[in-house]
Protein chains: 2
Amino acid sequence: MTKGEETRQRIVAEAAKLFNQHGFEGGSMSELMEATGLEKGGIYRHFSSKEELAAEAFDYAWGMALDARMRDLDSIPDSVDRLKQFVRNFIDRRPSVPGGCPLLNTAIDADDGNPVLRDRARRALQGWRQRLTDVIAEGIKRKEIKRDVDSRNLSTLIISSLEGALMMSRLERTNDALLAVQSYLEDYLETAVRRPK
Amino acid sequence: MTKGEETRQRIVAEAAKLFNQHGFEGGSMSELMEATGLEKGGIYRHFSSKEELAAEAFDYAWGMALDARMRDLDSIPDSVDRLKQFVRNFIDRRPSVPGGCPLLNTAIDADDGNPVLRDRARRALQGWRQRLTDVIAEGIKRKEIKRDVDSRNLSTLIISSLEGALMMSRLERTNDALLAVQSYLEDYLETAVRRPK
């Protein structure tokens with residue numbers, strides 16, 4: 001990596017922290033200058049606009065979050081156990097970028113505004129749900145999951161209940177909501193999703 | 001209402017629209033001046049700070065949302081049917097303040113920042129969950145709901161899955177996620193919550 005690329009990466013990582021905690025409007029360039037130790041010109045040499053930087057920062061933060069949430073799934077043979085591990089990952093393996101879920105934050109931040117950020121978040125959601133949908137579809141094919149389970153709707157249920165519980169847990173600063181949802185999802189996966197042998 | 005009170009109310013209503021769509025940082029005073037037709041001094045005559053105004057705007061927007069979501073519940077005798085109507089209200093009766101759920105927006109906006117707004121959102125969540133918890137507890141007492149249902153955890157599941165699905169639906173600009181969660185919740189309420197006669 002050249003020195004320029006290194007600097008660019010450092011700016012993206014600091015911007016990810018800033019925007020994920022304070023949003024696109026709330027994250028100021030002066031805070032980013034302070035965090036990176038760069039002048040405004042030193043930042044804008046690498047990015048054409050605050051929007052371009054925020055979009056790259058989102059991709060960076062989302063990559064970290066997705067990696068933490070999907071970790072170890074491939075090594076688990078049974079697909080229902082994979083889904084349960086995914087739920088555990090979501091709760092236990094908090095992403096390294098502070099501020100909560102980048103997808104939730106950016107979705108709420110951008111749903112009435114910034115179309116570039118909104119589009120990134122929309123595509124992130126699409127890709128994430130597709131990965132869960134694939135796990136479920138494979139489980140149906142392997143006869144681990146009941147045939148009548150709708151793979152897309154089940155992914156939606158898992159994602160929505162966890163993201164909603166994350167909002168509640170972050171607001172209340174306790175894990176109660178996440179643990180309540182985990183307990184429901186685990187029970188649901190065992191009783192309504194897993195195909196009996 | 002005096003003319004001053006009327007003006008104050010008009011500012012709060014416009015601020016609610018602005019902040020609910022663009023957040024506390026993203027909603028600028030110059031936009032509010034334009035929307036209300038008032039000078040900055042005319043606004044700050046009624047509020048000591050942007051924060052105070054935003055807190056009142058949140059209470060206003062949340063009052064509208066809660067009213068839409070809890071509407072008609074008291075006229076439904078059976079408590080499981082009440083919960084199902086609540087889910088329908090959440091999806092069909094969108095609050096009159098544009099920008100999505102004020103609680104979700106403010107929670108995400110303020111969880112790493114503004115403590116006054118965060119506290120308002122926290123209390124709003126608490127009150128809302130308590131109202132659902134009361135419906136469930138009453139249903140257990142009236143033998144309409146199974147005795148082993150945890151009323152607080154069930155409220156958490158309903159709120160988190162609907163709020164998460166709202167985030168997805170607003171991002172994707174389709175109702176798919178909300179309808180998937182509604183279908184799950186209705187099924188769950190009938191099979192796992194309702195006490196068989």
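**Entry 1: the fold of chain A.** I began with the contacts in chain A between residues at least 6 apart in sequence, and 63% of them join residues at least 24 apart. Two residues are in contact if their C-beta atoms, placed from the backbone, lie within 7 Å. I note that this is a predicted model, in which local features need pLDDT of at least 70, side-chain atom pairs count only at pLDDT 80 or more, and totals for chains, interfaces and linings use all residues. Residues are numbered from 1 along each chain as its sequence is written, while chains are lettered from A and ligands numbered from 1 in the order in which they are written.

I then looked up the elements of chain A, which has 9 helices and 0 strands. Helices (H or I, at least four residues) and strands (E, at least two) are DSSP runs, numbered from the N terminus. The C-alpha trace of chain A spans about 65 × 35 × 30 Å along its principal axes. I found that 44% of the 197 residues of chain A count as buried. A residue is buried if 20 or more other C-beta atoms lie within 10 Å of its own, exposed if 12 or fewer, and partly exposed in between, with C-beta atoms placed from the backbone.

**Entry 2: the two copies.** I looked up how chain B is superposed on chain A: a rotation of 180° with 0.0 Å of shift along its axis does so, with an RMSD of 0.0 Å. The two copies are thus related as by a two-fold rotation axis. Copies are superposed by least squares on the C-alpha atoms of residues with pLDDT of at least 70 in both.

**Entry 3: the interface.** I recorded 38 residues from chain B and 37 residues from chain A in the contact. On the side of chain B that touches chain A, H8(B) gives the largest share, 15 residues. The residues of that side of chain B divide into 16 nonpolar, 13 polar and 9 charged. Here Ala, Val, Leu, Ile, Met, Phe, Trp, Tyr, Cys and Pro count as nonpolar, Asp, Glu, Lys and Arg as charged, and the others, Gly among them, as polar. Of the interface residues of chain B, 97% are also interface residues in chain A, so the copies meet through the same surface.

**Entry 4: two positive phi values.** Most residues other than glycine have a negative phi. I noted that phi of Arg173(A) is positive, near 55°. Arg173(A) lies in the loop between helix H8 (151–172) and helix H9 (176–193) of chain A, and is exposed, with 10 other C-beta atoms within 10 Å. Asp72(B), not a glycine, has a positive phi of about 70°. I located Asp72(B) in the loop between helix H4 (50–70) and helix H5 (79–92) of chain B.
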